Amino acid sequence: MTAAEQIQDQVFPAPIKTVEAGSAAERAGVRPGDVLLRVNGQAVTDVLAYRHLLSQGRATLEIARPQEAPRVMTGVPGTAQDHHRLFLTAAPSLDDTFTFSVEWEDPGLEFEEVLFDGIKKCANKCDFCYVHQMPRGFRKSLYIMDDDYRLSFLYGSFVTLTNLSENDIRRIEDENLSPLYVSVHTANQDLRQDMMKWWRLKVKDPQAVQIRSMIERLEQIDLYTQIVLVPERNDRENLDETVEYLSSRPNVISAAVVPIGLTSHRTNLPDVRVFSREEAQDTLRRLNVWRKQFLAERGTRFVFPSDELYLLAGEPLPSEEEYEGFPMLENGVGMIRDFLTEGVPELPAALPEPRRVILGTGTLFAESLDRAVEPLRAIRNLSIEVRAVENKTFGKVTTVAGLLTGRCFRHAVKPGEADLLIVPPTTLRYGTELMLDDVSLDELRAELRMDIRSGGSTLGELTRVILQGAQSSGPQFGMSAHAVKDTAEPISVQVAEQNMRGQA
């Protein structure tokens with residue numbers, strides 16, 4: 001019996017967002033707002049299970065058309081409570097159902113969410129977890145401790161594997177959910193338990209916390225791994241041990257090494273610190289020995305330090321070639337080199353009118369960005385300032401650009417002091433112009449009395465934004481693990497945006 005067949009006969013209603021014109025679903029009368037209940041009589045937990053059932057050939061889909069229950073009036077007519085009367089609506093009924101079948105054909109359905117049964121939560125209490133360091137007052141999706149292997153497969157978010165059940169493991173194998181992205185941190189089991197402190201009541205299978213056993217159990221699944229490095233914990237010789245083990249496993253494709261990220265909100269949390277320059281330099285020296293060896297023996301460098309590690313060490317970034325296609329870009333590995341790959345386009349000698357531009361970024365990247373835009377300073381009538389924005393929300397210790405908020409820019413920029421403020425695209429919620437603290441660019445435009453735009457993901461795009469001047473940038477679109485959490489707040493509030501900025 002497969003893992004899918006082990007699922008209890010529960011129903012996870014999946015609201016249908018769109019129905020493709022001319023599709024089997026449309027011919028059967030399905031319309032947006034209807035709900036998928038079962039396929040071949042089985043409950044469907046997510047879009048992956050849905051596709052897997054379709055791939056078996058003939059599939060019968062059970063659809064429900066929600067019917068609203070009668071509204072119930074509260075309050076007493078003609079009394080003092082009359083003006084408080086409300087109409088309350090009960091949950092829609094799903095009793096009105098029908099079925100249709102397809103055979104080796106896509107039904108033509110797109111769902112509101114990719115997860116129908118809600119997100120799988122983390123079983124750990126890591127010393128370095130970003131969720132535990134969040135200040136209060138943000139949208140609730142930022143406080144969800146996600147650890148869902150399905151989102152790892154779909155969007156590349158990192159998971160620890162410690163919350164997997166035997167059915168989950170069998171499903172990964174049965175459906176070949178490869179690749180997965182795994183936070184290993186260390187191959188030393190005792191040290192990993194000390195750093196991650198999983199809740200025993202949340203661990204479904206004791207074997208799942210054994211990282212070496214899990215990597216070996218999932219031998220048919222390609223794994224991209226990461227090591228969040230904590231000074232004097234899993235670095236130095238422990239790092240060597242972890243890299244040596246990971247490189248010995250044929251299914252481990254690569255390992256990213258990311259230094260710990262902290263905020264100033266660590267009340268009642270373990271005492272940890274960031275890397276010093278000397279420690280970052282030592283880490284890079286160790287990793288470069290491994291990288292050189294792996295390249296000679298295997299044709300790949302295998303282990304990839306994050307950009308932040310190079311910046312902390314004051315070391316130059318590797319060439320584009322050394323990133324080998326940027327397989328873990330969203331984990332902060334190669335983002336700066338990728339940004340610089342498209343260089344400055346041909347520049348005009350002058351702008352028709354004077355323009356003052358502020359490029360806001362995190363304190364860690366400011367110096368590198370300042371050097372990158374130096375050629376633009378030769379353009380007459382263009383004044384450019386790269387401004388290192390201190391993080392007023394998470395604290396000075398948080399130096400990356402992606403965690404800047406509207407509050408940070410309000411403190412860093414005076415109203416009217418520029419014609420154009422450019423913010424990093426990583427500060428914006430996917431598909432919107434909202435920052436992490438839900439401050440919109442329109443709000444900032446009004447308060448700071450200047451146009452504000454996203455700078456684009458490459459130096460070439462940034463240059464074009466600068467030269468185009470004051471225009472509305474429009475929303476930023478993209479799909480990643482960070483987008484999922486914000487599109488499904490009503491039932492699962494989704495992927496913790498901390499994975500976004502490199503920690504998991």
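**Close-up 1. L359 and the residues it touches.** L359 touches L369, V373, I384, E385, V386, R387, I422, L462 and I466, leaving aside residues up to four places away in sequence; contact here means heavy atoms within 4.5 Å. This is a predicted model, where local features need pLDDT of at least 70 and side-chain atom pairs count only at pLDDT 80 or more, while totals for chains, interfaces and linings use all residues. Residues are numbered from 1 along each chain as its sequence is written, and side-chain values use heavy atoms, with hydrogens and water left out.

**Close-up 2. The largest nonpolar core, plus a second one.** The largest core has 72 residues, and L246, V303, L359, L462 and I466 have the most contacts inside it. A nonpolar core is a set of buried Ala, Val, Leu, Ile, Met, Phe, Trp, Tyr and Cys residues joined through side-chain atoms within 4.5 Å. Helix α9 (residues 277-298) gives the most to this core, with 5 residues. There's also a separate core of 28 residues, which includes V39, L54, F111 and I119.

**Close-up 3. The buried side of helix α15.** In α15 (residues 459-468), you'll find L459, G460, L462, T463, V465 and I466 buried. Buried means under 20% relative accessible area, exposed over 50%, and partly exposed in between (1.4 Å probe, protein chains only). Helices (H or I, at least four residues) and strands (E, at least two) are DSSP runs numbered from the N terminus. The buried residues of α15 pack against α11 (335-341), β13 (350-362), α12 (366-372), β14 (380-389), β15 (420-423) and β16 (451-454).

**Close-up 4. Aromatic pairs.** The whole structure holds 8 of them. Rings of Phe, Tyr and Trp (its six-membered ring) pair if their centres lie within 6.5 Å; planes under 30 degrees apart count as stacked, over 60 as edge-to-face and the rest as tilted. Y181 and Y224 are stacked, at 5.1 Å centre to centre with 15° between the planes. They sit 43 residues apart, Y181 in strand β9 (residues 180-183) and Y224 in strand β10 (residues 223-229). Y181 counts as buried because its relative accessibility is 15%, and Y224 does too, at 18%. F339 and F365 have ring centres 5.9 Å apart and planes at 85°, so this pair is edge-to-face. F339 lies in helix α11 and F365 in the loop between β13 and α12, so the pair ties together parts 26 residues apart in sequence. Both F339 and F365 are buried.
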